[in-house]
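Subject: Structure handover

Dear colleague,

Please find the structure below, followed by notes on what was found in it.

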Amino acid sequence: MGIILNDVFNLNINRIDLVKMCQEAENKFIGVNCGIMDQFAIGMGKENCAILLDCNTLNYKYSKINMDGYKIIISNTNKKKETNRF
(Lines give C-alpha, C1' and ligand atoms only; values in the text may rest on other atoms or scores of the structure.)
Protein backbone atom coordinates (compact mmCIF):
# COMPACT_ATOMS: atom_id res chain seq x y z
CA MET A 1 0.00 0.00 0.00
CA GLY A 2 2.86 2.34 0.84
CA ILE A 3 4.43 1.83 -2.58
CA ILE A 4 1.12 2.49 -4.32
CA LEU A 5 0.46 5.68 -2.33
CA ASN A 6 4.02 6.85 -2.88
CA ASP A 7 3.60 6.43 -6.65
CA VAL A 8 0.03 7.74 -7.00
CA PHE A 9 0.69 10.90 -4.99
CA ASN A 10 4.27 11.42 -6.22
CA LEU A 11 5.52 11.60 -2.63
CA ASN A 12 9.09 10.72 -3.66
CA ILE A 13 9.76 8.90 -0.39
CA ASN A 14 13.01 6.95 -0.48
CA ARG A 15 12.19 3.23 -0.66
CA ILE A 16 14.17 2.35 2.52
CA ASP A 17 12.39 5.12 4.44
CA LEU A 18 9.08 3.82 3.10
CA VAL A 19 9.92 0.31 4.28
CA LYS A 20 10.71 1.67 7.77
CA MET A 21 7.44 3.63 7.83
CA CYS A 22 5.48 0.50 6.89
CA GLN A 23 7.11 -1.45 9.72
CA GLU A 24 6.30 1.37 12.14
CA ALA A 25 2.66 1.39 11.00
CA GLU A 26 2.41 -2.36 11.56
CA ASN A 27 3.98 -2.02 15.02
CA LYS A 28 2.13 1.08 16.28
CA PHE A 29 -1.21 1.09 14.51
CA ILE A 30 -1.93 -2.56 13.76
CA GLY A 31 -0.31 -3.77 16.96
CA VAL A 32 1.94 -6.45 15.49
CA ASN A 33 5.41 -6.31 17.01
CA CYS A 34 7.16 -7.45 13.84
CA GLY A 35 10.62 -7.08 12.42
CA ILE A 36 11.36 -5.48 9.09
CA MET A 37 12.07 -8.49 6.86
CA ASP A 38 8.59 -8.77 5.30
CA GLN A 39 8.31 -5.06 4.54
CA PHE A 40 11.86 -5.02 3.17
CA ALA A 41 11.22 -7.97 0.86
CA ILE A 42 8.05 -6.38 -0.47
CA GLY A 43 9.52 -2.90 -0.86
CA MET A 44 12.97 -3.82 -2.14
CA GLY A 45 12.40 -7.11 -3.98
CA LYS A 46 13.67 -7.58 -7.54
CA GLU A 47 12.67 -10.20 -10.06
CA ASN A 48 14.95 -13.25 -10.14
CA CYS A 49 16.88 -12.09 -7.07
CA ALA A 50 17.15 -13.08 -3.43
CA ILE A 51 17.95 -10.34 -0.91
CA LEU A 52 20.79 -10.87 1.54
CA LEU A 53 19.67 -8.55 4.35
CA ASP A 54 21.21 -7.60 7.68
CA CYS A 55 18.05 -6.66 9.61
CA ASN A 56 20.08 -4.77 12.24
CA THR A 57 21.77 -2.35 9.83
CA LEU A 58 19.55 -2.71 6.73
CA ASN A 59 22.69 -3.35 4.70
CA TYR A 60 21.67 -5.53 1.80
CA LYS A 61 22.73 -6.95 -1.51
CA TYR A 62 20.95 -8.83 -4.26
CA SER A 63 21.91 -12.31 -5.33
CA LYS A 64 20.69 -13.75 -8.63
CA ILE A 65 18.54 -16.82 -8.13
CA ASN A 66 17.28 -19.26 -10.75
CA MET A 67 13.91 -20.74 -9.72
CA ASP A 68 13.35 -22.72 -12.94
CA GLY A 69 11.93 -26.09 -11.92
CA TYR A 70 11.29 -24.99 -8.31
CA LYS A 71 8.24 -23.63 -6.53
CA ILE A 72 7.89 -21.70 -3.29
CA ILE A 73 4.94 -22.81 -1.21
CA ILE A 74 3.48 -20.36 1.29
CA SER A 75 1.10 -21.77 3.86
CA ASN A 76 -0.78 -20.69 6.95
CA THR A 77 0.12 -23.02 9.82
CA ASN A 78 -2.24 -21.24 12.27
CA LYS A 79 0.64 -21.32 14.74
CA LYS A 80 0.74 -18.28 17.01
CA LYS A 81 3.92 -16.27 17.07
CA GLU A 82 5.83 -16.88 20.28
CA THR A 83 8.43 -14.71 21.92
CA ASN A 84 11.41 -16.06 23.81
CA ARG A 85 11.26 -15.03 27.42
CA PHE A 86 14.35 -15.40 29.57
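How many residues does α2 have, and how far does the helix reach from its first C-alpha to its last? It has 16 residues and reaches 21 Å, close to the 22 Å expected at 1.5 Å a residue; the expected span is 1.5 Å times one less than the number of residues. Helices (H or I, at least four residues) and strands (E, at least two) are DSSP runs, numbered from the N terminus.

Before the rest, the ground rules. This is a predicted model, in which local features need pLDDT of at least 70 and side-chain atom pairs count only at pLDDT 80 or more, while totals for chains, interfaces and linings use all residues. Residues are numbered from 1 along each chain as its sequence is written, and side-chain values use heavy atoms, with hydrogens and water left out.

Helix α2 and its ends

Asn 14 caps the N-terminal end of α2, with a side-chain oxygen 2.8 Å from the backbone nitrogen of Ile 16. For such a polar contact, the N or O atoms must be within 3.5 Å, one able to donate a hydrogen and the other to accept it, and residues adjacent in sequence count only if both atoms are side-chain atoms. Just after α2, Gly 31 takes a positive phi of about 90 degrees. Within the helix, Ile 16, Leu 18, Val 19 and Gln 23 are buried (buried is under 20% relative accessible area, exposed over 50%, partly exposed in between; 1.4 Å probe, protein chains only). The buried residues of α2 pack against α1, α3 and β2.

Core

Six residues form the largest nonpolar core: Ile 16, Val 19, Ile 36, Phe 40, Met 44 and Leu 58. Such a core is a set of buried Ala, Val, Leu, Ile, Met, Phe, Trp, Tyr and Cys residues joined through side-chain atoms within 4.5 Å. At least two residues of this core come from each of α2 and α3. Apart from neighbours within four places in sequence, Ile 16 is in contact (heavy atoms within 4.5 Å) with Phe 40, Met 44, Leu 58 and Tyr 60.

Aromatic pairs

A search of the whole structure gives two aromatic pairs. Rings of Phe, Tyr and Trp (its six-membered ring) pair if their centres lie within 6.5 Å; planes under 30 degrees apart are stacked, over 60 edge-to-face and the rest tilted. The rings of Phe 40 and Tyr 60 have centres 5.2 Å apart and planes at 65 degrees, so this pair is edge-to-face. Phe 40 lies in helix α3 and Tyr 60 in strand β2, so the pair ties together parts 20 residues apart in sequence. Phe 40 is buried at 1% relative accessibility, whereas Tyr 60 is partly exposed at 35%. The rings of Tyr 60 and Tyr 62 have centres 5.6 Å apart and planes at 80 degrees, so that pair is also edge-to-face.

Loops

Asn 12, in the loop between α1 and α2, has a positive phi near 55 degrees. Asn 48, in the loop between α3 and β1, has a positive phi near 60 degrees.

Regards
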